[in-house]
Amino acid sequence: EMEDCLRSRLAIEADLKRALVTEQLEAFYQPIFNTVTGHLWGFEALIRWHHPTLGLVSPIEFVPLAEETGLIKSVGAWLVRRVCADMAQIPSPLKIAVNLSPRQLEDDELIEDITEALNSSGMDAGRFEFEITESTLLNNNTRSRFILLALRRMGATIALDDFGTGYSPLTYLTRFPLDKLKIDRSFISQMATRQDAAAIVRTIVQLAHQLHMTTTAEGVETEEQLQLIRKAGCTNVQGYLLGQPMALGDVVNRIGPEHILPATSWSATRSSGNDATSSHEFAD
Ligand code: C2E
Ligand code: CA
Ligand code: CA
C-alpha cells in the first residue's frame, strides 16, 4: 500500500511539473464584497488543475503535495504571473487576494517573482492582498516576518487566513504585519445555530478592530449567516451565497460599469439557468 501510495505521489509530482508548462493550471476568482455597502471589494484567486486523465483536481489535493515537494514555489510563481496578467481585465480599485503557502515565505525569490510579475504586467502592487496561514507564523518566523514586511513595503496588504483554527499564540498578531483576519468558515457555518460560534465571530471582529485590522467572513452560504455577519460588523464577506469561484471570462462578463453589486449577478453562477430573483439585501 505504501509503495502504491509513493508511486502515485511520484506520478502526480511528475504530472504537476508537466502541468506547469502545458497550461493545465487555471486561476479561478471568487468575489469578495463589502458587508455594509455591498460594493465589490475584489476577488480571491483560487488555483485549479485540469488534469488530462483525472479531470479537475482540487487544490486541497495537490497544494499540500506541491508544498512537500517544493513545487509550490513554481506553482506560486505561475499563479502570481497569471493573476497580474488577468488583473489587466479587472478594473482598479478592485483587489486581488492571493494565497501564499508557508514554504513560499521561506525564501526571497518570492519577492523577485512578484516584482517581476508586477513589472511585466504593469499592475499596481497596492491591489495585492496576500493570505497567509497561522502555520506560516509558527514556521520560521524571522524569515517570514521579513518577507511579509517587504510585501507590505511594496504596498500590498496581508491577511491571516482561516483565523481561529490554528495554534499560533495571539501575541503573533502584534508581531507580524497583518491587516486583516479571515474568519474561518467553520465559525460562520455554525453562527446561525450555535450561540458560542456567533460569540466567537463577534469577538474576533472586536479583536481585529482593536488592533486596527479588518475582517472577512469566509464561506457564507445562507442569507441568515449574511445578516449575522453584518450585525457582527465584519468588513468583507465571501461565500457561495454571493458568488462561487469562477473563470476569468465569467468575472469580466459580470463586472458592471460601477464595479459594485448587485450581488445577485454574481450568485447567479450557483444555479445555472436560474436568473436569481432572490436578493441578497445589503441595505437595511
Ligand atoms: P482557502 O484559502 O481557505 O480558500 C477558500 C476555499 O473555500 C476555496 O476552496 C473556496 O472555493 C471555498 N469556499 C468559498 N466559499 C465557500 C462557501 O460558501 N462554502 C464552502 N463550503 N466553501 C467555500 P478551494 O478553491 O477548493 O481551495 C481550497 C484551499 O486550497 C484554499 O483554502 C487554499 O488553502 C488552497 N489554495 C487554493 N488556491 C491556492 C493557491 O493558489 N496557493 C496556495 N498556496 N493555496 C491555494
Ligand atoms: Ca485563502
Ligand atoms: Ca480560508
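The model I am reading is predicted. I then checked the pairing as a whole: β1 and strand β9 (residues 236–237) run antiparallel, with two bridges.

Next I turned to β2. Phe33 also stands opposite Leu40 in that strand. I found nine bridges between β1 and strand β2 (residues 40–51), again in the antiparallel sense. The two strands make a hairpin with five residues between them, and Gly38 in the turn has a positive phi of about 80 degrees. I noted that eight of the ten residues of strand β1 (residues 25–34) are buried, so the rest of the structure largely encloses this strand.

I searched the whole structure for salt bridges and got eleven. I went through some of them.

Glu68 and Arg9 meet at 2.5 Å, N to O. Glu68 sits in helix α2 (residues 59–69) and Arg9 in helix α1 (residues 2–21), 59 residues apart. I read Glu68 as exposed, because its relative accessibility is 52%. Arg9, at 30%, is partly exposed.

Asp86 and Arg82 form a salt bridge at 2.9 Å, N to O. I placed both in helix α3 (residues 72–86), four residues apart, about one turn of the helix. Asp86 is buried at 4% relative accessible area, whereas Arg82 is partly exposed at 33%.

For Lys180 and Glu129, I noted a closest N to O distance of 3.0 Å. Lys180 is in strand β7 (residues 180–183) and Glu129 in strand β5 (residues 128–132), so this pair ties together parts 51 residues apart in sequence. Both residues are buried.

Last, I recorded a network of salt bridges linking Glu44, Glu131, Lys182 and Glu218.

Notes
Residues are numbered from 1 along each chain as its sequence is written. Chains are lettered from A and ligands numbered from 1 in the order in which they are written. This is a predicted model: local features need pLDDT of at least 70, side-chain atom pairs count only at pLDDT 80 or more; totals for chains, interfaces and linings use all residues. Side-chain values use heavy atoms; hydrogens and water are left out. Buried means under 20% relative accessible area, exposed over 50%, partly exposed in between (1.4 Å probe, protein chains only). Two strands pair if DSSP finds at least two bridges between them. A salt bridge is a side-chain nitrogen of Lys or Arg within 4 Å of a carboxyl oxygen of Asp or Glu.
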